Amino acid sequence: MMYKSNSVRETQNIAKAFAKGLKPGDVVCLSGDLGTGKTAFVQGMAMGLSIEDMVNSPTFTIVNCYSGRLPVYHFDVYRISDPDEMYEIGYEEYVYGDGVCIIEWPEQIAEILPKERYDIKIEKNLEVHEDFREITIDKIG
């Protein structure tokens with residue numbers, strides 16, 4: 001499914017609606033260049049999962065955990081150079097746990113991603129305007 005967003009707020013609203021259908025064990029892989037709106041999308045998902053905490057990208061901590069309608073484990077694996085590093089931080093406990101796992105930069109750990117997941121790609125289209133995004137959501141598996 002493809003969505004078009006003209007603002008951060010629209011991106012968050014798309015994500016909020018998407019997140020309302022998530023269930024325990026769902027994994028969401030979020031791809032897009034720097035500055036495309038991955039964090040805004042995650043913030044919208046947090047709204048849809050009734051998370052009240054401020055949501056930021058866990059760039060230096062690798063994973064942030066949040067409590068809401070479901071537990072949320074938000075990974076930013078941009079700095080991971082070897083997928084084996086993920087096992088050192090308990091990756092399988094999060095991904096195969098009872099919450100929702102969100103992974104930014106999933107291409108860094110492609111070989112260990114679950115076969116069943118949502119792949120979301122966010123792309124800018126500056127030809128339309130600076131804030132325009134195309135958001136593609138695919139269910140894999």
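Asp26 counts as buried, at 8% relative accessibility. Buried here means under 20% relative accessible area, exposed means over 50%, and partly exposed lies in between (1.4 Å probe, protein chains only). The structure is a predicted model, in which local features need pLDDT of at least 70 and side-chain atom pairs count only at pLDDT 80 or more, while totals for chains, interfaces and linings use all residues. Residues are numbered from 1 along each chain as its sequence is written, and side-chain values use heavy atoms, with hydrogens and water left out.

Asp26 forms a salt bridge with Lys23. The term denotes a side-chain nitrogen of Lys or Arg within 4 Å of a carboxyl oxygen of Asp or Glu. The closest N and O atoms of this pair are 3.2 Å apart. Lys23 is partly exposed, at 43% relative accessibility. By this rule the count comes to two salt bridges. Arg117 and Asp119 also form one, with closest N and O atoms 2.8 Å apart. Arg117 is buried at 19% relative accessibility. Asp119 is partly exposed at 23%.

The protein contains four helices and seven strands. Both are DSSP runs, numbered from the N terminus: helices are H or I with at least four residues, strands are E with at least two. From the N terminus on, the order is β-α-β-α-β-β-α-α-β-β-β.

Strand 5 spans residues 100–104. Five of its five residues are buried, so the strand is largely enclosed by the rest of the structure. In a regular strand the side chains alternate between the two faces of the sheet. Val100, Ile102 and Glu104 point one way from strand 5, and Cys101 and Ile103 point the other way. Strands pair if DSSP finds at least two bridges between them. Strand 2 (residues 27–31) runs parallel to strand 5, joined by four bridges. Within this pairing, Leu30 stands opposite Glu104. Strand 4 also runs parallel to strand 5, and five bridges join the two. Tyr73 has Cys101 in strand 5 as its bridge partner.

Helix 2 covers residues 38–48 and is mostly covered, with eight of its eleven residues buried. Among them are Phe41, Val42 and Met45. The buried residues of helix 2 pack against helix 1 (8–19), strand 2, strand 4, strand 5, strand 6 (117–124) and strand 7 (133–140). Ser50 follows helix 2 and has a positive phi, near 60 degrees.

Ser81 lies in the loop between strand 4 (72–76) and helix 3 (84–88). Ser81 is exposed, with a relative accessible area of 66%. The side chains of Ser81 and Glu85 are joined by a polar contact of 2.8 Å. Such a contact is a pair of N or O atoms within 3.5 Å; within protein, one must be able to donate a hydrogen and the other to accept it, and residues adjacent in sequence count only if both atoms are side-chain atoms. Ser81 and Ala46 are 35 residues apart in sequence and 28 Å apart in space, C-alpha to C-alpha.

Overall dimensions were also computed. The protein has a radius of gyration of 14 Å, which agrees with the value near 14 Å for a compact globule of 141 residues. This radius is taken over C-alpha atoms, and the globule rule is 2.2 Å times the number of residues to the power 0.38. Of the 141 residues, 48% count as buried. Contacts (heavy atoms within 4.5 Å) were then sorted by sequence separation. Residues 24 or more positions apart account for 61% of the contacts with a separation of 6 or more.
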